[in-house]
Amino acid sequence: ELSSKFPEIIGRSTQIMEVLKIIDRVAQTDTNVLITGESGTGKEVVAQAIHRHSRRSDHNFQVIDCTAIPESLIESVLFGHAKGSFTGAVKDQDGLLSRSHGGTAFFDELGELPMASQAKLLRVVQEQAFTPVGMSELRRIDTRYICATNRDLQQEVNAGRFRQDLFYRLGVIHMELPPLRDRGDDVTLLADAFLKDLQRGDARITGFSDEVMDCFRRYEWPGNIRELRNVIERAIALSRLETVQLSDLPKPMREANATTSQPVSV
């Protein structure tokens, strides 16, 4: 999808080309994938690309956000439940894993999953089957697992907070996405691409001033690609000129640029 949406940056970025090659190879298999990297580096975008280019693309890409499920409801949300199996269970309910049958289950922020739930997930991954809460019937699924986390899961394993066996099961292929600050000129290539995409054909703004591009290169980008996109969208709304100016950027970003631009005293 990146290659069709932003063709002008493909071939100009070694790192993007490497990621696309890995996506292409991984998509041809059913192997479980673990994608790591800081928040905003594009982990879900990569997971979606793997799914879309796989044989499972005609089936569901089921997102399971491990930070959004209360611990007491994890089993019900994942596996489903029978009517009356607990207070509030007013009808039979399918779980998210049932919806991933034939397709892909994407566990976002896997490192947030409690230990007790990790053991139950391990059994499902191993057996491709589970039992809904309050039922005795074993349900079988055909699902590929792609997981993402901003944590170092090996450190979590060493600290006893994540199961080693689950780590090995889900991390057969490990893709680590680098932060934007370590990607060199990718930041300027992506800025140009977002500028064109977000204007949706109404190209009122043609580019960025030299000061803005220098700021982009110096800035640490704690929010990574997600933050860059938001900055570009904001600049499009605020800019009165044909090129984005330093004054169109958020104040914290301008202040950080001013600090890094000061000469070093000797």
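1. Let me start with a residue that deserves a look in this predicted model: Asn224 has 0% relative accessibility and therefore counts as buried, the cut-off being under 20%. Asn224 belongs to helix H11, and its phi is positive, about 60°, although the residue is not a glycine.

2. As background, most residues other than glycine have a negative phi.

3. On to H11 itself. The helix has 15 residues and spans 21 Å from first C-alpha to last, close to the 21 Å expected at 1.5 Å a residue. Besides Asn224, its buried residues include Ile225, Glu227, Leu228 and Val231, along with Ile232, Ala235 and Ile236.

4. How do H9 and H11 meet? The axes of H9 (residues 186–199) and H11 (residues 224–238) come within 9 Å and cross at roughly 50°, which means that H9 is oblique to H11. The crossing is right-handed.

5. For the contact between these two helices, H9 supplies Val187, Leu190, Ala191, Phe194, Leu195, Leu198 and Gln199, while H11 supplies Ile225, Leu228, Arg229, Ile232, Glu233 and Ile236. Sorted by class, the contact of H9 with H11 holds 10 nonpolar, one polar and two charged residues.

Methods:
Residues are numbered from 1 along each chain as its sequence is written. This is a predicted model: local features need pLDDT of at least 70, side-chain atom pairs count only at pLDDT 80 or more; totals for chains, interfaces and linings use all residues. Side-chain values use heavy atoms; hydrogens and water are left out. Axes are lines fitted to C-alpha atoms, for helices over the stretch in contact, and angles run from 0 to 180 degrees between N-to-C directions. Helices (H or I, at least four residues) and strands (E, at least two) are DSSP runs, numbered from the N terminus. Angles under 35 degrees count as roughly parallel, over 145 as roughly antiparallel, 65 to 115 as roughly perpendicular and the rest as oblique. A crossing is left-handed if the near helix is turned anticlockwise from the far one by less than a right angle, and right-handed if clockwise. Contact means heavy atoms within 4.5 Å. Ala, Val, Leu, Ile, Met, Phe, Trp, Tyr, Cys and Pro count as nonpolar, Asp, Glu, Lys and Arg as charged, and the others, Gly among them, as polar. The expected span of a helix is 1.5 Å times one less than its number of residues. Buried means under 20% relative accessible area, exposed over 50%, partly exposed in between (1.4 Å probe, protein chains only).
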